[in-house]
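Subject: The model I promised you

Hi,

Here is the structure we talked about. Have a look at it first, then read on for what turned up.

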Amino acid sequence: RNLKWQMECRSDIYRLNAQFLSIYESLIPPEEEKAKQKQLLTLLEKLVCKEWPEARLYLYGSCANSFGVSKSDIDVCLAIGDADINKSEVLLKLADILQSDNLQNVQALTRARVPIVKLMDPVTGISCDICINNLLAVVNTKLLRDYAGIDVRLRQLAFIVKHWAKSRGVNETYQGTLSSYAYVLMCIHFLQQRKPAILPCLQGMRATYSVTVDDKKCAFFDQVENLCDFGNRNRETIAQLVWGFFNYWAYGHDYTSSVISVRTGSVISKLEKDWTRRVGNDRHLICIEDPFETSHDLGRVVDKFSIKVLREEFERAADIMHFAPNPCVKLFEPY
Ligand code: GTP
Ligand code: MG
């Protein structure tokens, strides 16, 4: 179908590629943003150290996984060695410290699923969320960043998909659609499945990096500089991959019985994971296995209404890639 698409439907493939690449480039954050993030992190480290000399701060999420677009908020994890601490108390104490150093809009959200302190730094203009001891997020951030170092097409595809999801309002977990993290995993899975593959399965290779976090062993091959020609046998370009991605999620994926799994580099069955029925609030209507917390389905937030919205959006996007005269405009039209 891919070849047919190029030959018959999209004789404008070269123009399309150039347009997608220029959208990708316009989304890449400029270097000075990195410097400002560093500056804020240094300030936070100074403040935190006074109260908790042993603690460390890590950046995670899109500011560190290389999938962050310009002007994103930053996610910071405060690692305090002691596992028995009371997170709410630490967050309230932290909020106090930050407040008295002129950081703005400081707010401790102690009852959120992931409890955090929010703040805005008036000097750099950056907003930031700080969580406590969420080291799995730091490790999955590294996994995503390492995948991004293998083939530039992952970063290109994920930027386009995230931009599409934000424009179409389907990047809102509180409304039952998917997180940015879930979309990036969907892109990695998709590129692992191309024939020939564009990405390997790092967790299926000899482990060169290994840590145990919350009793979970996180191990994978991380010498990705040795893999930079891995995808070379596959010559697909960004427009073809965007088309293929939406086509897969619109018409190729088996929502009834399949789970996508970056951990194994393949699709596994819902049966095997016992994700065939609703348990509590987890409905498993679209199944995306977390690479390390394997009992965790990132599609758990999706309900019977939002699954319909999502699938209609995938179909809309696939059809636009197939037929629309100007996909690069139409795809991102606000909903
Ligand atoms: P944007 O802020 O939208 O650009 O993307 P982001 O990559 O920062 O994603 P998001 O804010 O959704 O999540 C931040 C980070 O938290 C992710 O990169 C993951 O490391 C982690 N994370 C988010 N959701 C989950 C989850 O459900 N499970 C786990 N284990 N980690 C998560
Ligand atoms: Mg974020």
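A quick word on names: helices (H or I, at least four residues) and strands (E, at least two) are DSSP runs, numbered from the N terminus. Keep in mind that this is a predicted model, where local features need pLDDT of at least 70, side-chain atom pairs count only at pLDDT 80 or more, and totals for chains, interfaces and linings use all residues. Residues are numbered from 1 along each chain as its sequence is written, chains are lettered from A and ligands numbered from 1 in the order in which they are written, and side-chain values use heavy atoms, with hydrogens and water left out.

Let's begin with one residue. M186 sits in helix 7 (residues 180-193). M186 has a relative accessible area of 0%, so it counts as buried (under 20%; exposed is over 50%, partly exposed in between, with a 1.4 Å probe and protein chains only). Leaving aside residues up to four places away in sequence, M186 touches L178, F245, W249, I260, I286, I288 and F314, where contact means heavy atoms within 4.5 Å. Take W249 from that list: M186 and W249 are 63 residues apart in sequence, yet 9.3 Å apart in space, C-alpha to C-alpha.

The axes of helix 8 (residues 238-252) and helix 10 (residues 306-323) come within 8 Å and cross at roughly 140°. (Axes are lines fitted to C-alpha atoms, for helices over the stretch in contact, and angles run from 0 to 180 degrees between N-to-C directions.) That makes helix 8 oblique to helix 10; angles under 35 degrees count as roughly parallel, over 145 as roughly antiparallel, 65 to 115 as roughly perpendicular and the rest as oblique. On the helix 8 side, the residues in contact include W243, F246 and W249, and on the helix 10 side they include F314, A318 and M321. By class, this contact has 11 nonpolar, two polar and two charged residues. (Ala, Val, Leu, Ile, Met, Phe, Trp, Tyr, Cys and Pro count as nonpolar, Asp, Glu, Lys and Arg as charged, and the others, Gly among them, as polar.)

There is another helix pair to look at. Helix 3 (residues 31-51) and helix 4 (residues 87-99) pack at an angle of about 125°, with axes 10 Å apart, and that makes helix 3 oblique to helix 4. L44, L47, V48 and E51 in helix 3 meet K93, L94, I97 and L98 in helix 4, a contact with six nonpolar, no polar and two charged residues.

Five of them form an open sheet in the order 1-2-5-4-3, with mixed pairing; two strands pair if DSSP finds at least two bridges between them. Strand 1 (56-60) and strand 3 (104-109) are at the edges with a single partner strand each, so one side of each has no neighbour in the sheet. Within the sheet, strand 4 (residues 116-121) and strand 5 (residues 126-132) run antiparallel, joined by six bridges, and L119 stands opposite C128 in strand 5. Helix 3 lies across strand 1, strand 2 (74-79), strand 4 and strand 5, at about 45° to strand 5. Helix 5 (residues 135-148) lies across strand 1 and strand 2, at about 45° to strand 1.

Last, a hairpin. Strand 6 (residues 209-213) and strand 7 (residues 216-220) run antiparallel, with five bridges between them, and V211 has C218 as its bridge partner. This hairpin has two residues between the strands, and D214 takes a positive phi near 50°.

Cheers
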